[in-house]
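Work through the exercises below with the structure open. Each task is followed by a solution in steps.

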Amino acid sequence: MGCNRDCGLIAGAVIGAVLAVFGGILMPVGDMIIQKTIKKEAVLEEGTIAFKNWVKTGTEVYRQFWIFDVQNPEEVAINSSVIKVKQRGPYTYRVRYLAKENITQDPETHTVSFLQPNGAIFEPSLSVGTENDTFTVLNLAVAAVPHLYSNTFIQGVLNTLIKKSKSSMFQKRTLKELLWGYPDPFLNLVPYPIPTTVGVFYPYNNTSDGVYKVFNGKDDIISKPRGCVDAASFPPFIEKTRVLQFFSSDICRSIYAVFGAEINLKGIPVYRFILPSTAFASPRENPDNHCFCTEKVVSKNCTVFGVLDISKCKEGKPVYISLPHFLHGSPELSELIEGLSPNEEEHSTYLDVEPITGFTLRFAKRLQVNLLVKPAKKIEALKNLKQNYIVPILWLNETGTIGDEKAEMFRNQVTGKINLLGLVEIILLSVGVGMFIVFMISYCACRSKRVN
C-alpha cells in the first residue's frame with residue numbers, strides 16, 4: 001500500500017515536471033512560430049496580408065481642412081497691422097481610396113517601386129459648408145512674386161500687370177478654388193508662357209506621388225524599413241525605444257515619431273507614436289535639422305523653430321509647413337497673427353501601431369500650410385509692409401482608423417491566436433510546476449511519517 005502511494009506521488013510529480021518542461025519548451029517554440037508567421041505575412045509581395053493592405057488601404061481615410069479667414073485685409077495691406085484670422089471648418093474630403101499603380105518588384109535589390117495616385121472626394125455630411133463657401137485669404141500669386149523674381153526691374157513690370165488685373169495682397173476665393181486651383185487674373189496677363197492656374201494643392205486630382213522605391217522586407221524584415229513612405233506599416237516586433245522613420249510627401253522630407261503611450265484600440269493593444277517637438281526644432285536645439293535650414297534671414301540665422309521651408313520642392317514658391325496654429329513654434333511666429341490657439345490634443349500628429357505586425361491601425365496627420373510674404377517697394381500691393389509675415393492659409397487633419405470588421409478579423413487572425421498560445425504556455429507551465437511541488441511535498445511528508 002505504501003509503495004503504491006509512493007509510486008503514485010512520484011508519478012504525479014513526474015507528470016507535473018513533464019507539463020512544466022513542455023510549457024517551457026512551448027514558449028520559445030511558440031514564439032518562433034509567431035515570428036516566422038509574422039515575418040512571412042509582413043513582406044510586401046503578392047499573397048501576403050501586408051501586401052493586400054499596402055496596395056489599397058481597407059480603411060477609409062479623410063482629410064479635413066480648416067481655412068484661416070482674414071478679418072482685416074485692408075488694414076494689413078495699408079498699415080502692416082497684425083493679421084486677424086478666424087478658422088473655419090472642417091471641410092472634409094475622402095482621400096487615399098485609389099490603389100497603388102505600376103507596382104514593380106526587383107528581386108535583386110529586394111525593393112518594390114510604385115506610384116500613389118491622388119484623388120479627393122468632397123463629403124458634405126462631414127463638412128460645415130459647401131465647396132462654394134468663400135474666404136478672404138492671401139493672394140498666392142502676388143505674395144510669391146518677390147521670391148520668384150528678385151530683380152527690381154522685373155518686379156516693376158509685374159507690378160503693372162498686378163494693377164491691371166486689379167489684384168491685391170488679399171483675395172476672396174471659394175474653398176474649391178483655394179484647394180484645387182483657379183485661373184489667376186494676374187498670371188493670365190504675363191506675356192510669356194508660365195503656369196496660370198494657382199491653388200494650395202494644385203495639381204492634385206488625377207496626379208500621382210512617386211515614383212517611390214522601398215524595401216519589401218524579403219531579405220531583412222526587421223532592420224530595413226519596409227514601405228515606410230506613408231507610415232502605413234513598419235518592421236514587425238516594434239520596441240517602445242524604436243524611432244519610427246517615414247517619408248512624407250506633404251513636407252518633402254523624412255520625419256520620425258517616438259513612443260508616447262500604450263493604447264487599446266477596439267480590443268487591440270497598440271503603441272501610440274507621436275511627432276515630437278524636436279522634429280521641427282531649430283538646428284541649435286536639434287543638430288539633425290541643420291540641413292533643413294536653407295536660408296538665414298527669415299529663420300534669423302536658423303534660430304526660428306516650428307516651421308519648415310519647403311520652397312525648394314515647390315518650384316521656389318515661399319511655402320512653409322508647420323504644425324497647426326504654430327504648435328511647438330517660436331513665439332515670434334504668432335506675434336503678427338491674431339486668432340491662433342495651439343492645442344496639443346487637437347493639433348499634434350500621432351500613429352497607433354500594432355507592435356507585433358508593425359501595421360498602423362489608426363493615425364492623425366496634422367499640418368499647417370503657410371506662405372511667406374515680405375515687403376517689396378516695386379510692388380504696390382506689398383510696398384506698405386514693414387516686416388515679413390509667415391501667413392497661415394489652412395491646416396489639415398488627415399485621419400484613418402481600422403474599421404470594426406477589419407479589427408475583428410485582426411483580433412481573430414493575429415492577436416487572438418497569439419494571446420491563446422501565450423495562455424496555453426502559461427497554463428501548462430503553471431499547472432506543471434504546481435503539480436510537481438504539491439506531489440513532491442506530499443511524497444516528502446509521506447516518507448517522513450513512515451520513518452517516524
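A residue is buried when its relative accessible area is under 20%, exposed when it is over 50%, and partly exposed in between. The model is predicted. Keep both points in mind throughout.

**Exercise 1. Positive phi**

Task: Find where Phe-326 lies, and decide whether Phe-326 is buried or exposed.

Solution. 
- Step 1. Start with the backbone. Phe-326 has a positive phi of about 60°, although it is not a glycine.
- Step 2. Phe-326 sits in the loop between β15 (319-322) and α7 (331-335).
- Step 3. Apply the cut-off. Phe-326 has 4% relative accessibility, so it counts as buried.
- Step 4. Turn to Phe-237. Its phi is near 60°, again a positive value in a residue other than glycine.

**Exercise 2. Cis peptide bonds**

Task: Which residue does a cis peptide bond join to Pro-90, and which to Pro-203?

Solution. 
- Step 1. Gly-89 is the partner of Pro-90, with omega about 5°.
- Step 2. Tyr-202 is the partner of Pro-203, with omega about -10°.

**Exercise 3. Salt bridges**

Task: How many salt bridges are there? Work through the pairs of Arg-88, Lys-365 and Lys-317.

Solution. 
- Step 1. The count is 13 salt bridges.
- Step 2. Arg-88 pairs with Asp-69, and their closest N and O atoms are 3.2 Å apart. This pair links distant parts of the chain: Arg-88 is in strand β2 (residues 83-95) and Asp-69 in strand β1 (residues 61-70), 19 residues apart.
- Step 3. Check the cover. Arg-88 is partly exposed because its relative accessibility is 25%. Asp-69 is buried because its value is 12%.
- Step 4. Lys-365 pairs with Asp-250 at 2.4 Å, N to O. This pair also links distant parts of the chain, 115 residues apart. Lys-365 is in strand β18 (residues 360-373), and Asp-250 is in the loop between β11 (244-248) and β12 (253-265).
- Step 5. Check the cover again. Lys-365 has 16% relative accessibility, so it counts as buried. Asp-250 has a relative accessible area of 19%, so it is buried.
- Step 6. Widen the view. Lys-365 and Asp-250 are linked with Arg-63, Arg-96 and Glu-398 in a network of salt bridges.
- Step 7. Lys-317 pairs with Glu-315, the closest N and O atoms being 3.0 Å apart. Lys-317 is partly exposed at 35%. Glu-315 is exposed at 66%.

**Exercise 4. The cavity**

Task: How many cavities of 30 Å³ or more are there? Describe the lining of the largest cavity.

Solution. 
- Step 1. The count is one cavity of 30 Å³ or more.
- Step 2. The volume of the largest cavity is about 230 Å³.
- Step 3. Its lining has 21 residues. Those nearest its centre are Phe-292, Cys-293, Val-304, Val-307 and Leu-308.
- Step 4. Sort the lining by class. There are 14 nonpolar, four polar and three charged residues.
- Step 5. Find the main contributor. Strand β14 (residues 307-309) gives the most to the lining, with three residues.

**Exercise 5. Surface patch and C-alpha distances**

Task: Which residues make the nonpolar surface patch of about 290 Å²? Then find the C-alpha separations of Ile-379 from Thr-160 and Gln-116 from Asn-102.

Solution. 
- Step 1. Phe-153, Ile-154 and Val-157 make the patch.
- Step 2. Take Ile-154 from this set. Its place is helix α5 (residues 152-164). Its relative accessible area is 33%, so Ile-154 is partly exposed.
- Step 3. Ile-379 and Thr-160 are 219 residues apart along the chain, with 8.5 Å between their C-alpha atoms. Ile-379 lies in the loop between β18 and β19 (389-401). At 0% relative accessibility, Ile-379 counts as buried.
- Step 4. Gln-116 and Asn-102 are 14 residues apart in sequence, and 9.0 Å apart C-alpha to C-alpha. Gln-116 is in strand β4 (residues 111-117). Gln-116 is buried, at 14%.

Note on methods: Residues numbered from 1 in each chain as written. Predicted model: local features only at pLDDT ≥ 70, side-chain atom pairs only at ≥ 80, totals over all residues. Heavy atoms only, no water. Patch = residues over 30% accessible without salt bridge, like charges linked within 9 Å, V, L, I, M, F, W, Y side chains within 5 Å. Areas by Shrake-Rupley, 256 points an atom, 1.4 Å probe, with all protein chains shown as cover. Salt bridge = Lys/Arg side-chain N within 4 Å of Asp/Glu carboxyl O. Helix = DSSP H or I, 4+ residues; strand = E, 2+ residues; numbered from the N terminus. Buried < 20%, exposed > 50% of the residue type's maximum accessible area, 1.4 Å probe, protein only. 1 Å grid on protein atoms, 1.4 Å probe; cavity = no way out; pocket = protein on both sides within 12 Å on 5 of 7 lines; lining within 4 Å. Points joined across faces, edges and corners; volume = space filled by probe spheres on them. Nonpolar A, V, L, I, M, F, W, Y, C, P; charged D, E, K, R; others polar.
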